[in-house]
Amino acid sequence: MATTNLQYLQNLFPRPTISPTCLVIGAPRMVFKCGCSSSGSSGQEDVFSLTSSSKYDVDYLGQSTKGDLNVNLEHLEAFGLDGQATLEGPIEQVARMETEEAEGLLRDLGIPAWEGRAYDYCMDNLKNMGFPVEGLAFDPDLVIRGLVIDKEKGNLVKADRFGYVKRAMHGTKMLSTRAVSEMYGRELVDLRKESRWEFLNTLFSVSEAVAYMQMVDRLDEGAIPVDLGPLDCKGLYKAVGKALFRAHVEGQLKSEIMSKPELFVEPDPELPLALLDQKEAGKRLLLITNSDYHYTDKMMRHSFNKFLPNDMGWRDLFDMVIVSARKPEFFQMSHPLYEVVTGEGLMRPCFKAQTGGLYSGGSAQMVENSLNIHGDEILYVGDHIYTDVSQSKVHLRWRTALICRELEEEYNALIHSRGHRATLVELINQKEIVGDLFNQLRLALQRRTKERPAQTLAATNMDDQELTESMQKLLIVMQRLDEKIAPMLDADGELFNKRWGFLSRAGLWDKSHLMRQIEKYADIYTSRVSNFLNYTPFMYFRSQEQTLAHDSYSHHC
């Protein structure tokens, strides 16, 4: 079901049976619920300077150290130091996990994946339009969901929950931390500015992004023919989008999927059984999809029928089926309703939907009126943050569940990264302790120039030479720690994706922009619908307590 665009409506109980912001992840019998420094002058210009000495030019947060207080290495010999001081203990080398063995095998056998075929059709259309696509191939590791295309600059960026850009790529080349800071240091990603930013929230958009970033390289190389007109990055994005849209509208990809569904769709044997439990518990199930009847019937037969008991068919599971729904307009507008009356897909006008019917078009309001259920009595399950989850939440106040298949791979990567992350956190904590002592001595030196006592008696009793030497040694230790921490931060998440790190995180502790969207619009999210099979249909999912920075005091007390 990962490669289909099928969604499920479930009427759970007279009252909502989930509470906002909880996570069920793809592990058996398990549920997880979610819900700067300053600088000053010490007057010791011969010993300290305001230029960075770190070869990575970033501190442990991945930020530039420009403007920080640094040691002038040429003066170290006076204190018996050679500039090679380092923290004891090796940095743990984490072996990269062998990922996606099955997909690799399929590629070796020449069996196409869904995203790869969408890319192929896009590139064929670009070639017919006159674009140079020779030598290009689909790279599944180049792009992940949750990234944002900057159409003005030809960049692909990963933003945190506030919109600050943490990583960026121009064309297919990753940008340095300094370049990202210089380019995006003063602006935030604002998804409301659709003319500039494009959020990658579907697997279909991943194929588009791979093609676009590769064509940005060709644009930079001057390889795009002049007769295509003067193209900038924004115009190039429109051309790529047009090529992919043509493949979608003309039905090229759908025709191939329908002819050989076993190559594109991996059925989940537990999915029909999970829905059957819900139905037998008294829930009413609806299937709403933008796909037409023929495609929907083909995919559902392939994915459902052989796993259902007692000669049941997929239609027997659902109280109502709506095809060609035209989401997201389905949630806001009322379109004509037609009843599909034959197996060939012939339709007739209809003015009211009935239980057990198969329909085309209509609206969400029609669904509510027909079943006499409204608002939070409905749980809507979909895999598209905008088309499915946010629109049904914002306009109808339905309960929402988001399906994100990549969660399983990310969860496994997080498990295998625990050693790496524990070492990284320990180094960061060590630098914070050393940094706190350094700042106390720095403040003591600053106050001494004004003939005021330090905050601590020990610092007050230190002579100038001892104070300066201690500061030097501490600063060198912090700089060496930075040299260890910076590459480890850069490597954090590489078990999921070498370029972009984890899907749900932006940096070691912060959430990604994608995760913020999920928290905002999804009451519950999971990697697949069949995860509900690990719980009874009567399970009440509660969100965990949302902690604040000052909560640590109350917990301590």
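Tutor: What follows is a short talk about terms and the values behind them. This is a predicted model, in which local features need pLDDT of at least 70, side-chain atom pairs count only at pLDDT 80 or more, and totals for chains, interfaces and linings use all residues. Residues are numbered from 1 along each chain as its sequence is written, and side-chain values use heavy atoms, leaving out hydrogens and water.

Student: Why is G116 called buried?
Tutor: Buried means under 20% relative accessible area, exposed over 50%, and partly exposed in between (1.4 Å probe, protein chains only). G116 has a relative accessible area of 11%, so it is buried. This residue is found in helix 2 (residues 114-129); helices are DSSP runs of H or I with at least four residues, strands are runs of E with at least two, and both are numbered from the N terminus.

Student: What makes helix 9 largely enclosed by the rest of the structure?
Tutor: In helix 9 (residues 293-303), 8 of the 11 residues are buried, so the helix is largely enclosed. Among them are Y293, M299 and H302.

Student: How do you know that strand 5 and strand 6 pair?
Tutor: Two strands pair if DSSP finds at least two bridges between them. Strand 5 (residues 148-150) and strand 6 (residues 155-159) are joined by 3 bridges and run antiparallel. In one of these bridges, D150 has N155 as its partner.

Student: Why are strand 8 and strand 9 called edge strands?
Tutor: The open sheet has 5 strands in the order 8-7-6-5-9, with antiparallel pairing. Strand 8 (173-174) and strand 9 (197-199) each pair on one side only.
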